Amino acid sequence: MTTTTKMMKRIEEASPRFKARMAGALNIFSLLSAGFAETFFRGTWNFVGGYVAILSMVLVTLLLYDILKAVNRGLALIAASFAFVGLIFEAFRWQPQGVNTAIVVHGFYCLLIGYLIFRSAFLPRILGALIAFAGLGWLTYLSPALINHLSPYNLASAILAELSLILWLLVMGVNVQRWREQAGATAEHA
């Protein structure tokens, strides 16, 4: 068995609470690395910091998919797909006509995971509502005029809503017993 295979097996066997806490920790690491790179570096190091943040978010997306597939595997896969598309747009810094497409796609991702969290039995429903609200905040980036009208409130509310989920995952994780019950019920219907 290769080292990579062993590592993947360990991750797969990890408890959902551990995966949730890892997702929270990696999300904080991503925010800090992106913020640090944007604040203190220019040129190549700025790009490196951005790509470290993107790679961290890829891992967060995979962990959240693994957790939220207990609610609805198909919808969790669609949400993860939105996240990956947004991360690709972010990596290429694609902003046609001044629209930050990565943030807009992230808004759709937040709406989807907000719904999944709201429907879950293992995370507080308020977190789902807050994440969906964050998604609406990110969707305002579809219109530069709307951004100018709502800024900085749209940004602050979206960040605070997402931070609530990040901190919950980091500190509390998920209710493992309820996660297993819901995962079992989802597997029976598949």
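For the pocket I needed a definition to start with: a pocket is an open set of grid points with protein on both sides within 12 Å along at least five of seven lines, and a lining residue has an atom within 4 Å of a point. I also kept in mind that this is a predicted model.

**Entry 1, the pocket.** I looked up the largest pocket and got a volume of about 880 Å³. Its lining runs to 29 residues, and S30, L31, A34, E90 and I103 are the ones that lie nearest its centre. Which helices supply at least two residues each to that lining? I noted α2, α3, α4, α5 and α8. Then I sorted the lining of this pocket by class and wrote down 17 nonpolar, eight polar and four charged residues.

Next I went for the largest nonpolar core, which has 40 residues. Those with the most contacts inside the core are L68, I113, F122, W138, L165, L169 and V174. I checked where the core comes from: α2 (16-40), α3 (44-68), α4 (73-92), α5 (101-119), α6 (125-139) and α8 (153-171) each give at least two residues. The largest share is from α5, with eight residues.

Leaving aside residues up to four places away in sequence, V174 touches P16, R17, A20, I67, F122, L123 and W179. F122 is itself on the list of core residues with the most contacts.

I looked at F89 and W94: the ring centres are 4.8 Å apart and the planes sit at 50°, so I wrote the pair down as tilted. The cut-offs behind that call are under 30 degrees for stacked and over 60 for edge-to-face, with the rest tilted. F89 is partly exposed at 23% relative accessible area, and W94 is partly exposed too, at 44%.

Then I took W138 and Y141, with centres 6.1 Å apart and planes at 40°, so this pair is tilted as well. Are these two buried or exposed? W138 comes out at 7% and counts as buried, and Y141 is buried at 15%. Both values fall under the 20% limit for buried, so the call follows directly. W138 is also among the core residues with the most contacts.

Last item: I found F36, F40 and F41 linked into a cluster through ring pairs.

Methods:
Residues numbered from 1 in each chain as written. Predicted model: local features only at pLDDT ≥ 70, side-chain atom pairs only at ≥ 80, totals over all residues. Heavy atoms only, no water. Core = buried A, V, L, I, M, F, W, Y, C linked by side-chain atoms within 4.5 Å. Buried < 20%, exposed > 50% of the residue type's maximum accessible area, 1.4 Å probe, protein only. Helix = DSSP H or I, 4+ residues; strand = E, 2+ residues; numbered from the N terminus. Contact = heavy atoms within 4.5 Å. 1 Å grid on protein atoms, 1.4 Å probe; cavity = no way out; pocket = protein on both sides within 12 Å on 5 of 7 lines; lining within 4 Å. Points joined across faces, edges and corners; volume = space filled by probe spheres on them. Nonpolar A, V, L, I, M, F, W, Y, C, P; charged D, E, K, R; others polar. Phe/Tyr/Trp six-rings, centres within 6.5 Å; stacked < 30°, edge-to-face > 60°.
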